[in-house]
Amino acid sequence: MFVRDVRRCGRIGVGAFPIRRPYHSHFIGLTTTLVSTPPPPPSLSLTSSRRFPLFLLSPSSSSTAAMTTMTCSSPSSSSNKDPPIAKKEKYEMEMFGDLRVDNYYWLRDDSRSNAQMLSYLQDENAYTEFVMSGTKHLEDLIYAEIRGRIKEEDISAPVRRGPYYYYERTLEGKEYVQHCRRLVSNNEAPPSVFDVMPTGPDAPPEHVILDENLKASGHAYYSIGAFKVSPNNKLVAYAEDTKGDEIYSAYVIDAETKTPLEKPLAGVTSNLEWAGDGALLYITMDATLRPDKVWLHYLGTEKSDDLCLYHEMDDMFSIELEASESKEFLFVASESKVTRFVFFFDISKPAKGLMPLTPRLDGIDTSVSHRGNYFFIIRRSDECFNSELLACPLDNISATTVLLPHRERVVAVGGDHSPVLVVAVGRGLSGLGFRFSVWAGCPIRDSWVMYGGLSHGQVVGMIQAPVCHLVSRDAADCRDLQMSDDVNPKSLTCFIFFSSVKIQEVQLFTDHLVVYEREMGLPRITVFDLPPVGEPLERFQGGRHVDFIDPVYSLDPSESQFSSSILRFSYGSLRTPCSVYDYDMNTGISVLKKIETVLGGFDALNYVTERQWATAPDGTQIPISIVYQKNLVKLDGSDPLLLYGYGSYEYCLDPSFKGSRLSLLDRGFIYAIAHIRGGGEMGRQWYENGKLSKKNNTFTDFIACAEYLIEKKYCTKEKLCIEGRSAGGLLIGAVLNMRPDLFKSAIAGVPFVDVLTTMLDPTIPLTTSEWEEWGDPRKEELYFYMKSYSPVDNVKPQKYPAILVTAGLHDPRVMYSEPAKFVAKLRAMKTDDNLLLFKCEQGAGHFSKSGR
């Protein structure tokens, strides 16, 4: 049960996708120029990208580029050419007695063929190129740095599937990967964490199944969204997109000969799965690109003969498809932003079609997997908002057993966020509050009751308490905890947090269950032993945690063998390159299988990563992840800082490593991530308190983080750059309108900035399915609330900082016209002479140009 389809995140813009040169060096060059940093060290490097990558994602390499320039002095060439001025054509929109005038509505052309619109975009691109021409030397230097850190000839960590190791290979000078495999030398031996794929002259030969470099030839854009090997390892199904609009064609080839078996399935999503060795399940979309139908296709038959297994008629719901780890079942889920229900497809009995598994109940979200004679169900509801784990027999799906209950906790941390000891925790009689008793040496120092609606991460009190070890107790557990005799407590103010352990996903094995969960903003892995198949399941107790060394980090599941005892996961942090580990769930031994190679003398010990907490206007503590080069940063307010934010769709923006970011850090930049409400880092309620009529919390949280970093002398206003992408671009647009004085420069990548107009138009992709995220503006209260923050509707005559905006002409998630209108309105209304640059990539979609 892995991470759900990226479509669920809608207007997503976080760093999970590749980067190309054009944006990278341009952006780093731009940021460096606008911040007055010292001359770049002679031996620095960045990543590969192409001028102005739409890849201004979360911790992204392209953002690295822009920031280094936008925080120094303005490029001198900008005064020699006037920026493009979009013509005005009055377009009126009226609702609830409110008249809005959009002078730039004409920029929207769904066919992407209007000559005037294309000419304007080309003029903007030309102006950006002209302005940035003065930084070409810096761009070239940064591009050389980025590329110099990359080990171009490399392979991924091999994954064992049956008798083969599968992996991806990158080649020097090539943009795309090769999909390869080798036979396992001794397939009879059980898998071990110490296994290594042999590569010497005596090893089984490498076989290239698919070379994306050959497939991409002749295409301006090329991306493979799925690469699925059949259960018998003889066939491969893959989905390719040659435009960037996320409409795929699915191909089936012979894994050995590479010969196509049939005509491609055109107009599908990248979400497809094998149903045995001779059939596929795949998904198609409606006219608004909403995944709405799931189909059964038998190899060798025409697409027109395929059987539609389910059609979701409700335009607020979309279809998803995933395979169980056991490979015995496929699960089809229909989901909105608050509701999710699941059907199962028994691969051994395809004639039965889809069978209902979890009911369609408003506000109930379920995800399912399988092992033995049980289905395992993660279930979220209003009561269990951070989910519980259930199991039900295959032959009696209504008979559920709770394996892991929803866990509410109280966590106490010191004023400097060091841990303290909570002695007793109890739920108040109302069920809405908690009773806290805090140990302070020998006697209990204070005891009080807090009632009222508590939010995850909310500070519900402060008290004098000792510094000891962190204790998190289930809210229902009121047993006193004793302090060990060797503790020498010191007194300081502590914060009492309401917290809850969020179950994100589970991964099943024959003998083990792995739970990926998170608390207080950090992910973790807990491993439970399972009874032999056929024996009853009971509530889990204990569980073993996997330990990690960095104070803030990212953690992701990787493909593992269901029948083994080896868990594979990926780990990284702001200073630790992506590392793939195999963990033996029987012995607790972890073995590093692959770490991203960073050339150029990179030493993780030169970098400091830490977590700080800012206080939002309502008192909520907002976590901030920070990294900097300890030998360069002075922490006296003179350092430039890039603050990144997202804060939507319950997406967890965990701190991860980007080699390109080093070209900022090695120039004395501090990099920080604001984990604001609307994201999922602190649990479900963290998300709920940053959506719909609470969306303004997202923006004020970000501003609070910026003010905290200034107050603590990480930077000053004159050295503060901000960045966000997609829904994070909405964040940037909103805070620029609210507090333009707070920032030196800003990057808004493919920003969702025309919120009200877009959400009033159900013909635009993602609109109807996202009324539960942003609100349905056909309701008067939500209309005016959304209008109050929609960036395009709130541009006003005032001074703005230097701004860079990007777009993708074929973007199906955020139409190019939104950032185009935002820029045009800014040009017409802002009262400063600061840079405003717009780059629309005309050969890409939401995720920038393809390739490395």
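## Helix 3 and its cap

Asn114 caps the N-terminal end of helix 3, where a side-chain oxygen lies 3.0 Å from the backbone nitrogen of Gln116; helices here are DSSP runs of H or I with at least four residues, and strands are runs of E with at least two, both numbered from the N terminus. This is a predicted model, in which local features need pLDDT of at least 70 and side-chain atom pairs count only at pLDDT 80 or more, while totals for chains, interfaces and linings use all residues. Residues are numbered from 1 along each chain as its sequence is written, and side-chain values use heavy atoms, with hydrogens and water left out.

Helix 3 covers residues 115-132, and its 18 residues reach 26 Å from the first C-alpha to the last, close to the 26 Å expected at 1.5 Å a residue (the expected span being 1.5 Å times one less than the number of residues).

## Strand 13 and its partners

Strand 13 (residues 291-298) is largely enclosed by the rest of the structure, because 6 of its 8 residues are buried. Strand 12 (residues 279-285) pairs with strand 13 in the antiparallel sense over 7 bridges, pairing being assigned if DSSP finds at least two bridges between two strands. Within this pairing, Leu281 has Leu296 of strand 13 as its bridge partner.

Strands 12 and 13 form a hairpin with 5 residues between them, and in the turn Leu289 has a positive phi of about 65°. Strand 13 is also joined by 4 bridges to strand 14 (residues 307-311), again in an antiparallel arrangement, and there the bridge partner of Lys293 is His311 of strand 14.

The largest cavity holds about 80 Å³ of space, and its lining includes Tyr105, Arg108, Asp754 and Met815. Helix 10 (755-759) and helix 14 (817-829) are the elements that give two or more residues to this lining, and helix 14 provides the largest share, 3 residues.

The second largest cavity holds about 40 Å³ of space, and among the residues lining this second cavity are Tyr646, Tyr651, Leu653, His675 and Glu681.

How values were computed:
1 Å grid on protein atoms, 1.4 Å probe; cavity = no way out; pocket = protein on both sides within 12 Å on 5 of 7 lines; lining within 4 Å. Points joined across faces, edges and corners; volume = space filled by probe spheres on them. Polar contact = N/O pair within 3.5 Å; in protein donor to acceptor, adjacent residues only side chain to side chain. Buried < 20%, exposed > 50% of the residue type's maximum accessible area, 1.4 Å probe, protein only.
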